[in-house]
Amino acid sequence: INGEPQDYKDTVVYNLNNFINNITIKWNNYFSRSCCMFLNMDSIIRVDLSHFDASQITDMRYMFSGCTSLTSINFDNLNTSKVTIVRSMFNSCISLTSLNLKDFDTSSISVMIDMFNNCSSIKSLDLSNFDTSEVTTMDGMFKYCTSLKSLNLNNFNTKKTQNMKNMFYGCNSLIYLNIDNFDTSKVRYMD
């Protein structure tokens, strides 16, 4: 997909048929939301966002939600410094076995509700670069990640976090979990 959206102020409506398997986005920063960009596009296998100018995007909720065949996402060079919401971003991406989020800037994000919910094939996640100092809610963040075996969240700054409800619910394969540095002094919901 190449070009710029027409007749839209803040958001883009994507009308792509489900027969598409590979998508490369090369848009410039004409909008501030990529909310629901690939929502329920269950035939997509690979997405390349390495040439996508996301520097003005603040909302990435449901971006890949329901992409049940998705196996690969290229986030190289993606500027996510203004993103504040990633709610259900990878929800039900059941074919993803790994995610490279090493360059994913999370410093402005406040909402991570269900971010990886039902990513049932992911065995491990490296979130060592995640800056969670602005996050207020992590409700269901790893819920139903049934294959997840190891998770090191030692670097997570949770001083502002108020909601951790169901954060690890259904993570039945989890053998190693490091939350040693979690500050739960402001948490009101945790069960």
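Leaving aside residues up to four places away in sequence, F75 touches L49, F64, M89, F90, L99, N100, L101 and F104, where contact means heavy atoms within 4.5 Å. F75 also belongs to the largest nonpolar core, which has 50 residues; F64, F75, F90, F116 and F142 are the members that touch the most others. Such a core is a set of buried Ala, Val, Leu, Ile, Met, Phe, Trp, Tyr and Cys residues joined through side-chain atoms within 4.5 Å. Buried stands for under 20% relative accessible area, exposed for over 50%, and partly exposed for values in between (1.4 Å probe, protein chains only).

This is a predicted model, in which local features need pLDDT of at least 70 and side-chain atom pairs count only at pLDDT 80 or more, while totals for chains, interfaces and linings use all residues. Residues are numbered from 1 along each chain as its sequence is written, and side-chain values use heavy atoms, with hydrogens and water left out.

Turning to the cysteines, a disulfide is taken as a pair of cysteine sulfur atoms within 2.5 Å, and the count by this rule is 0. The closest cysteine sulfur to that of C93 is in C119, at 5.2 Å, which is too far for a bond. C93 is buried, at 0% relative accessible area, whereas C36 is partly exposed, at 31%.

S88 is buried, with 4% relative accessibility, while N118 is partly exposed, at 25%.
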